[in-house]
Amino acid sequence: RVIEWEVIRIGRGEPAVPPTSARDEIFAYRLGEPEDWAPLPALATRNSAIVSPDAVLRRTVKMLLRDLGMKSLSLPLIRVNGRQRIKPKETSRGPVHFVIHDLDPWGPLVEESLANARRMFPKAEILGMATMADAGLTSEIVDEDIQSVIPKLDLEDGMRWHLQEMLAAG
């Protein structure tokens, strides 16, 4: 993402970040321009569901999505007992377009919740969040139909970028 921004800035005739920049200078550079942090108008008509066992992470992502202009609902891992059935759901504002699902720690409970989220929100695109989207996690989720995995350490920029890409793709 930093390299992409460098290419765009150089294309506009703006100066590149000096290779000797300190980390605080690179951080300030990565903040970008104020318009880079404005809400995304296309998200105003979209809804999302945030699924995570971590209540603090759910609140954080909900605030982030609100800042991007999208309304969301928050759910813990979606589990069912043997006699329950998952039924498709909508919000009071319409269908859920994006499910943002916590993939940490990957295992049977998260895998079951992901499958249940797919049944609960059948038309939604699934985005994952993970602390480290390494080769191990990537090989575990290869069959899971997750559009992308957003690193938790770059949640704000990663969420914005992935949502913009998904909106641009149609």
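1. Asp102, Asp104 and Lys152 are joined in a network of salt bridges, a salt bridge being a side-chain nitrogen of Lys or Arg within 4 Å of a carboxyl oxygen of Asp or Glu. The model is a predicted one, in which local features need pLDDT of at least 70 and side-chain atom pairs count only at pLDDT 80 or more, while totals for chains, interfaces and linings use all residues. Residues are numbered from 1 along each chain as its sequence is written, and side-chain values use heavy atoms, with hydrogens and water left out.

2. In the bridge between aspartate 102 and lysine 152, the closest N and O atoms are 2.8 Å apart. Aspartate 102 belongs to strand β3 (residues 98-102) and lysine 152 to the loop between β5 (148-151) and α6 (155-169), so this pair ties together parts that are 50 residues apart in sequence. Helices (H or I, at least four residues) and strands (E, at least two) are DSSP runs, numbered from the N terminus.

3. Are the two partners buried or exposed? Aspartate 102 counts as buried at 2% relative accessibility, whereas lysine 152 is partly exposed with a relative accessible area of 22%. Buried means under 20% relative accessible area, exposed over 50%, and partly exposed in between (1.4 Å probe, protein chains only).

4. Lysine 152 also forms a salt bridge with aspartate 104, with the closest N and O atoms 3.0 Å apart. This pair links distant parts of the chain, 48 residues apart: lysine 152 is in the loop between β5 and α6, and aspartate 104 in the loop between β3 and α4 (108-120).

5. The structure holds 3 salt bridges, one of which joins glutamate 144 and arginine 118, with the closest N and O atoms 3.8 Å apart. Glutamate 144 lies in the loop between α5 (135-140) and β5, and arginine 118 in helix α4, so parts 26 residues apart in sequence are tied together. Glutamate 144 is buried, at a relative accessible area of 11%; arginine 118 counts as partly exposed, at 25% relative accessibility.

6. Strands β3 and β4 pair in the parallel sense over 5 bridges; two strands pair if DSSP finds at least two bridges between them. Aspartate 102 stands opposite methionine 129 in β4. Strand β4 (residues 125-130) is mostly covered, with 5 of its 6 residues buried.

7. As to the overall architecture, the chain has 6 helices and 5 strands, in the order α-α-β-α-β-β-α-β-α-β-α from the N terminus on. The C-alpha trace spans about 60 × 35 × 30 Å along its principal axes. Of the 170 residues, 37% count as buried. Among contacts (heavy atoms within 4.5 Å) with a separation of 6 or more, 69% come from residues 24 or more positions apart.

8. The mean positions of the 22 positive and 25 negative charges are 12 Å apart. Lys and Arg count as positive and Asp and Glu as negative, with His and the chain ends not counted; the place of a charge is NZ of Lys, CZ of Arg, CG of Asp or CD of Glu.

9. Glycine 11 and proline 151 are 140 residues apart in sequence and 28 Å apart in space, C-alpha to C-alpha.
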